[in-house]
Structures are given as C-alpha cells and as structure tokens.
Amino acid sequence: MKQSVLLALGILLVLAGVVLQYTGIVVESTATVALISAGVAMVTIAVVMGLRRQDEVISDERTKRIGAYGTTYSWVLTLVLILAFLWLDFLGLVSFNLQGTLLVLLFTMLISARIFQWYLFRQGDVA
C-alpha cells in the first residue's frame, strides 16, 4: 500500500515537472528540475521497497533498536567530521566550498548509518 502511494506520487511529480516545462508555465527550470528529481527519488524508493525480500523481518523490537543505535552512531560520526572541518578551516589548513562539504556530510551520514546498522546486525543485538 505504502509503495503504491509513493510510486503514484512520484509519477505525478515527474509528470507535473514535464508538463510545466513544456507548456511554458514555469520559465525557470529550477522548479521543474526539483519536481522531476523528487519524483524520480520517490519512484526509486518505491521500486527498491517493492523489490526487497518479502521473507525478511520488517521490524521488531531488536531491529528498531539496532536501527536507532546505528543512526545515532552515524550522527556522532558526522558531528565529529563537522568539528574536524571547522578546525581545519579555522586553522587555515584547508578551504572548503559549501557544495563539496555538504556532499561529503550527506554521504558520510548515509553510508555510515548503513555500515553501523550492518555491523550491529552481525553482532546480534545492542547493549
């Protein structure tokens, strides 16, 4: 049910972006790019959710706890990285641009959360 609603909304957003672009209603392409990007992201998430194995446990107390701990560890790692970036910039050792910094932080959060959750699942449980 959730996947079908997400898929439908994603398709509607993509169609709205395409229609706005080709009818000339929106002059700037930023709005259409945002609509199409959000729609593609929603469709991708819906497809991935639909393709995952049906026999795996969706959620129970243990999986929720492991997910929370993994996400928390990811946040802590990201905060340490932000502090490292601030000190490197403050000391004048490295100069960062905003886009690159945000991309590094985003990928650090996403990838480290999955790695921490994978590790904790392999351990069995969290204390």
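User: What do buried, partly exposed and exposed stand for in this predicted model?

Analyst: The model is a predicted one, and its residues are sorted by relative accessible area. A residue is called buried under 20% and exposed over 50%. A residue with a value in between is called partly exposed.

User: Is Leu 15 buried, partly exposed or exposed?

Analyst: Leu 15 has its place in helix 1. Its relative accessible area is 47%, and buried requires a value under 20% while exposed requires one over 50%. Leu 15 therefore falls in between and counts as partly exposed.

User: How far apart are the C-alpha atoms of Leu 15 and Phe 116?

Analyst: Along the chain, Leu 15 and Phe 116 are 101 residues apart.

User: Are helix 1 and helix 2 roughly parallel or roughly antiparallel to each other?

Analyst: Helix 1 covers residues 2-23 and helix 2 covers residues 29-51, and the two pack with their axes 7 Å apart at an angle of about 155°. Angles over 145 degrees count as roughly antiparallel. Helix 1 and helix 2 are therefore roughly antiparallel.

User: What is the handedness of the crossing of helix 1 and helix 2, and how many nonpolar residues does their contact have?

Analyst: The crossing of helix 1 and helix 2 is left-handed. Sorted by class, the contact of helix 1 with helix 2 has 1 charged residue, 8 polar residues and, as the number asked for, 18 nonpolar ones.

User: What is the handedness of the crossing of helix 3 and helix 4?

Analyst: The axes of helix 3, residues 61-90, and helix 4, residues 98-123, come within 8 Å and cross at roughly 145°. The contact of helix 3 with helix 4 has 15 nonpolar, 10 polar and 1 charged residues. As for its handedness, the crossing of helix 3 and helix 4 is right-handed.

User: Is Leu 120 buried or exposed?

Analyst: Leu 120 has its place in helix 4, and its C-alpha atom is separated by 27 Å from that of Lys 2, 118 residues away along the chain. The relative accessibility of Leu 120 is 8%, and so Leu 120 counts as buried.

User: Which residues line the second largest pocket?

Analyst: The second largest pocket has a volume of about 200 Å³. Its lining has 2 nonpolar, 1 polar and 1 charged residues. The residues that line the second largest pocket are Leu 110, Ala 113, Arg 114 and Gln 117.

Key:
Residues numbered from 1 in each chain as written. Predicted model: local features only at pLDDT ≥ 70, side-chain atom pairs only at ≥ 80, totals over all residues. Heavy atoms only, no water. Axes fitted to C-alpha atoms, helices over the stretch in contact; angles between N-to-C directions. Helix = DSSP H or I, 4+ residues; strand = E, 2+ residues; numbered from the N terminus. Parallel < 35°, antiparallel > 145°, perpendicular 65-115°, else oblique. Left-handed = near helix turned anticlockwise from the far one by under 90°. Nonpolar A, V, L, I, M, F, W, Y, C, P; charged D, E, K, R; others polar. 1 Å grid on protein atoms, 1.4 Å probe; cavity = no way out; pocket = protein on both sides within 12 Å on 5 of 7 lines; lining within 4 Å. Points joined across faces, edges and corners; volume = space filled by probe spheres on them. Buried < 20%, exposed > 50% of the residue type's maximum accessible area, 1.4 Å probe, protein only.
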